[in-house]
Structure formats: structure tokens, C-alpha cells
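Open the viewer and get ready to select. We will go from the whole assembly to single residues.

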There are 2 protein chains.
Amino acid sequence: MKELVFVGLGLNDEMGISLRGLEETKTARATFMELYTNLMPNFSIKNFEYITGKHVCVLSRRNLEEENGAIVLEAAENGKTVFLVPGDPFIATTHIALRLEAQKRGIKTRIVHGSSIISAIIGLSGLQNYKFGKTVTIPFGENSSETPYKVISQNKSLGLHTLCLMDIKADEKRFLRINEALNLLLEIECRNKLGIVTEDSLVVGVARAGSVMPILKADTVKRILRYDFGEPPQSLIFPGELHFTEVEALVAFAGAPGTLRSSVR
Amino acid sequence: MKELVFVGLGLNDEMGISLRGLEETKTARATFMELYTNLMPNFSIKNFEYITGKHVCVLSRRNLEEENGAIVLEAAENGKTVFLVPGDPFIATTHIALRLEAQKRGIKTRIVHGSSIISAIIGLSGLQNYKFGKTVTIPFGENSSETPYKVISQNKSLGLHTLCLMDIKADEKRFLRINEALNLLLEIECRNKLGIVTEDSLVVGVARAGSVMPILKADTVKRILRYDFGEPPQSLIFPGELHFTEVEALVAFAGAPGTLRSSVR
């Protein structure tokens, strides 16, 4: 049967995949993987191949985007093919074109979900999912854009939290870090002067969500700039209006200063 | 060691858990589970116990909310305890109080993430994650509220999509269905007359996200009202402004009418 199954690898390492994903991989005729849309810091292809008993062909951005995933589509036309993607497969929009092309060629597609950085970071923070507005990615300085600042501003005006993901250039092993991102936002603040991201704004830094030892730290931008979050991946949350349970969670799980309590109505 | 590990069961059935979650469960001294915050339609406790080799104690809402999870906390004070939760453990905010109480008692807490209905539905739809605004839950008719209507309206005014989850009363085996939710929204439209949810509005219905055969259907509210989505869990997406790739995805994956193409700039 012509079939292409997109399987989420989940977070962090080869243990992030679901039992269903493992099963699908073991029964695939061909197995591909990409590791450039998200960083899985402790992922070992060797261990993964050992667990699944499959040889995995790791694809580059060039294979998938310039060559439109031809190698994957050809395999899927000859039998069940599994394509492994970090996190939940379609949270990055990169692979929608591949799924569309597969459908067009009469290849049946399915998705086996994995845990996503989005729900992981929200869950770790103790902030309430339904109080998050639009998510945004902060680009590297050379592609600097005011969009993230505008999104944070819009969300704040609605009382909503903003999850900021960090740009990634996995092929160059470059991952935007929290302090770089904050400096980029402070520069934009300097030009706009709306008081959206100042040195005194509350922000939550998150590093290595999904690993055994994620780091969370909530404090003012000024202090978070000097905090050592260690290795990537890193992310930021700019809180909007906080409910008192959310404040307690930030104090307990992210070491927020107790003075934050007095800011809540 | 005093330790409480919150483990996400992921979606649909006992195969939704990650390999890391399985490992943590196998090595736990005590194992608890709740199955009321989200519906896992094909979950078998017996199969799960077989896979993990553990006896699992299933807790009710009363155990966790009225008795503040005392039974879980007591176990965690005596050694590593795993608490299994559908989806990603903290996407429902129900268990934050338990995590806070554990920390207060000096019990170390950790989270092993699972795939969440949130990222699953967004991924299945082919709509772009960063174009979603605030998420909302539509309550049953007896608790009817204008909040979902207002959230859809606010998101639409910003060009953003709205993910609407459905209320659930697992203890009574009641799950709000797509047609009931749409009728509730149409009633609110009748009172407000803002043209936010009319019979001609585009909407995407999703049933059993995370199962092997999820159902997606995009069409007008009028037609979706008559569409048979089968068993719960069900959800809705009200699209905001659509990018042409998103339209192609809705046509290909959700059977949206091809005429939708002409609506995109």
C-alpha cells in the first residue's frame, strides 16, 4: 500500500517517541528522519536505530525543501514509509507541502503525534493554556523583525501570555539564546518606547523543555539577561495578566521573586 | 526519595505514552492515573497494566479535587510515585494544585510530556500554529456562556484562528458534540448579531484526534451541523484569515469545498 506516516519523535531524545510511533517505525518498509526543524539535544540516531531495529535515513533541509522530499515520496509509492520529525510533526509548518504532494500522488497519509515543545513549555511554566495568545518565533539578529515585539504587545493588551520560540539554524548548529533574544527585543523597545519589553518587565526563561532537567526562571528582563540557562533549546514566555495560582506556580516552579504576589489583584 | 512524576499518557489509547513515560512507570513504587480530564476513547487499563507490569490505581475527580490528592501525596512521600494523566499533564490546569502541594511538602516533582490534543488538532488541520489566537472551551448548555463567542470574535478581528475544545463530564460519560456546540454558538449569535458564527461561517470539525482514523471536515456551519462526526472526543476550529497553503490543506485534508480557494487574497 502507498502510505506515508508522519511520526512525532517528541522531545529531547530517542525516548520521546510514543509506543504507537515505535510500532509504526518497526513495521515500516522505509524510514526517514529530519532533525533540523527542532533541536533534540540528547538524541542519538544510533540508539534510535537500536531500539527500532531499523536503518534510518536522515534527510537535510535540501532533501526536503529544495528537492520537495522526492526521496520520501518515491519510497512511499512503494510501500509503507515512516517519516520521523522532532516534536509533533506539523507544529512546524515545514512538512505540510510534503503531505499535500503525497495526497496529490494518491499516497495515503497519517499522523502519529508526539509531544510538542508548545504544550511542554506551557505545562512546565504552570501558566494556564487558555490564557496564551498567538505564539511567535524570534529570528536571529541578521533577520531582525519587529513582529515578535508587536505580538507580545498585542497579547499583553488583551491580558494574554506570549510564548516566544527561538530561531534555529540546525545545519549551522546555531540556536538563538535567551539573552540574545532579550537584547534584540530591548533594541526594538528603544525605537518604539511602548514599555512592552523593558528591563523591569517580567519574563520566564525556559531551557531544555522535555529533558530530565529543564530549567525555568522567572524574573525581570534585567536579571534574566544575566542568568545562565546553559545549553539550547531555549524559549521565553512574556506573561500577560496573572491569576494568583499562576503567580504561585511561577514562584514555586520558576523561582520568581515572592514580591510578584503583590502585583496580582 | 520523595518524588512525584507526572506522566502524560498522550492520545487515544495505551500506545500514546512515550518510551520515557513507560520507563518511569515501570520503575515507580506507586502508580496512579486519572482519566476524567480528557477522553482517551480506546484506552484499556488492562492493556496498560499488561504493558507496564504495574497495578494502576485509577483516581476520581473526588480523590483529586475534594481530597486534594492526599492519596497521591502520601505515596510520593514514601518513594517514587508516577501519576498518569491523559494528553500532556498540565494542559488541563486541574493538577497544578497537586504539583504545588507536593513541592510545599518537599516532594520533588518532574514532568514527562505526552502528546496534547492542542498540537494534534492544529497539526491535523494543516493550519499554521502561529496563526492561532487564544484557545477556548465550549461549556455544556446548562453552563452556557458567551465567552467562546467573544474569544472567536476577538481572534477573528485579529485575523487569527480559534481552537474550541469541548466540555467534558467524564464521570457522567457526557461529552459536548460539534452540533450541540454549534447550536449554542448560533443562539449567542442570534442575541449579538455580530456575524461571528453564522450558518455560512467556515468551520472545521475534528473528531478523535490522535486515533488511527481521525475525522476532519471543513465546511459552512450549516453543513457541518448535519455532518456525522461519530464518537467523541470532538473539537472545532474557527479559521481567521487563511493563507493559500492553509486553504490547500483544508481542501486536501478536511474536504473543504474548492470554492474556498476564491476567498483567499
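This is a predicted model: local features need pLDDT of at least 70, side-chain atom pairs count only at pLDDT 80 or more; totals for chains, interfaces and linings use all residues.

Stop 1: Select chain A and chain B.

**Stop 2: the interface.** Now select the residues where the chains touch. On chain A, 50 residues are in contact with 50 residues of chain B. Do the copies meet through the same surface or different ones? Of the interface residues of chain A, 100% are also interface residues in chain B, so the surface is the same. About 4,300 Å² is buried between chain A and chain B. Carbon and sulfur atoms give 67% of that area.

**Stop 3: a salt bridge.** The interface of chain A and chain B holds 2 salt bridges. Select A:Arg20 and B:Asp13, which form a salt bridge. Their closest N and O atoms are 2.4 Å apart.

**Stop 4: two helices.** Stay in chain A. Select helix H7 (residues 147-157) and helix H8 (residues 178-192) of chain A. Their axes come within 9 Å and cross at roughly 75 degrees. That makes H7(A) roughly perpendicular to H8(A).

Show the side chains next. From H7(A), pick A:Pro148, A:Tyr149 and A:Ile152. They meet A:Leu185, A:Ile188, A:Glu189 and A:Asn192 in H8(A). The residues of this contact between H7(A) and H8(A) divide into 5 nonpolar, 1 polar and 1 charged.

Methods: Residues are numbered from 1 along each chain as its sequence is written. Chains are lettered from A and ligands numbered from 1 in the order in which they are written. Side-chain values use heavy atoms; hydrogens and water are left out. Contact means heavy atoms within 4.5 Å. Axes are lines fitted to C-alpha atoms, for helices over the stretch in contact, and angles run from 0 to 180 degrees between N-to-C directions. Helices (H or I, at least four residues) and strands (E, at least two) are DSSP runs, numbered from the N terminus. Angles under 35 degrees count as roughly parallel, over 145 as roughly antiparallel, 65 to 115 as roughly perpendicular and the rest as oblique. Ala, Val, Leu, Ile, Met, Phe, Trp, Tyr, Cys and Pro count as nonpolar, Asp, Glu, Lys and Arg as charged, and the others, Gly among them, as polar. Buried area is the accessible area (1.4 Å probe) that two parts lose on being put together, summed over both. A salt bridge is a side-chain nitrogen of Lys or Arg within 4 Å of a carboxyl oxygen of Asp or Glu.
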